[in-house]
Amino acid sequence: MTHAFDHWNNAYQGGDPATLSWHQAEASLSLQMIARAGITPQDSVIDIGSGTAPLVDALLVQGLRDLTMLDLSPVALDLARTRLGTQAGHQFDHGIGFDD
């Protein structure tokens with residue numbers, strides 16, 4: 001686990017996440033799949049391997065509040081937490097939880 005942990009922390013340190021090869025400015029495919037699944041603001045969503053992805057931003061705009069970002073890299077989650085500001089709720093073990 002340490003190797004993977006270090007790998008992903010290093011990937012996110014010292015740069016703009018938008019320059020990473022896997023970065024998506026918009027998580028359109030994920031949003032389409034969530035819409036097709038019939039997810040509503042009353043549902044819970046966990047974004048596994050979230051990194052700094054903007055998926056939760058879009059879900060917050062759609063009114064979802066019970067959201068969790070889960071990633072091996074606390075560096076990535078710290079970047080996401082900073083971007084989300086006051087919308088980021090409580091945090092726990094390498095994760096960010098969002099709820100009312």
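## A buried tyrosine

Tyr12 has a relative accessibility of 7%, so it counts as buried. Buried means under 20% relative accessible area, exposed means over 50%, and partly exposed lies in between (1.4 Å probe, protein chains only).

This is a predicted model: local features need pLDDT of at least 70, side-chain atom pairs count only at pLDDT 80 or more, and totals for chains, interfaces and linings use all residues. Residues are numbered from 1 along each chain as its sequence is written, and side-chain values use heavy atoms, with hydrogens and water left out.

## Aromatic pairs

A pair of aromatic rings is described by the distance of the centres and the angle of the planes. Rings of Phe, Tyr and Trp (its six-membered ring) pair if their centres lie within 6.5 Å. Planes under 30 degrees apart count as stacked, over 60 as edge-to-face, and the rest as tilted. The whole structure holds 2 aromatic pairs. One joins Trp8 and Trp22: the ring centres are 5.5 Å apart and the planes meet at 80°, so this pair is edge-to-face. It links distant parts of the chain, 14 residues apart. Trp8 sits in helix H1 (residues 2-12), and Trp22 in the loop between H1 and helix H2 (28-36). Helices (H or I, at least four residues) are DSSP runs, numbered from the N terminus.

Tyr12 and Trp22 also form an edge-to-face pair, with 5.9 Å from centre to centre and 75° between the planes. Tyr12 lies in helix H1 and Trp22 in the loop between H1 and H2, so the pair ties together parts 10 residues apart in sequence. Trp8, Tyr12 and Trp22 form one aromatic cluster. Within it, Trp8 is partly exposed at 31% relative accessibility. Trp22 is partly exposed too, at 41%.

## Salt bridges

Side chains of opposite charge can pair when their charged atoms come close. A salt bridge is a side-chain nitrogen of Lys or Arg within 4 Å of a carboxyl oxygen of Asp or Glu. The structure holds 2 of them. In one, Asp57 pairs with Arg83, and the closest N and O atoms are 2.6 Å apart. This bridge links distant parts of the chain: Asp57 in helix H3 (residues 55-61) and Arg83 in helix H4 (residues 74-84), 26 residues apart. Asp57 is partly exposed, at 23%. Arg83 is partly exposed, at 37%.

Arg81 forms a salt bridge with Asp78, with the closest N and O atoms 2.4 Å apart. Arg81 and Asp78 are 3 residues apart in helix H4, so about one helical turn separates them. Asp78 is partly exposed, with a relative accessible area of 40%.

Note on methods: Helices (H or I, at least four residues) and strands (E, at least two) are DSSP runs, numbered from the N terminus.
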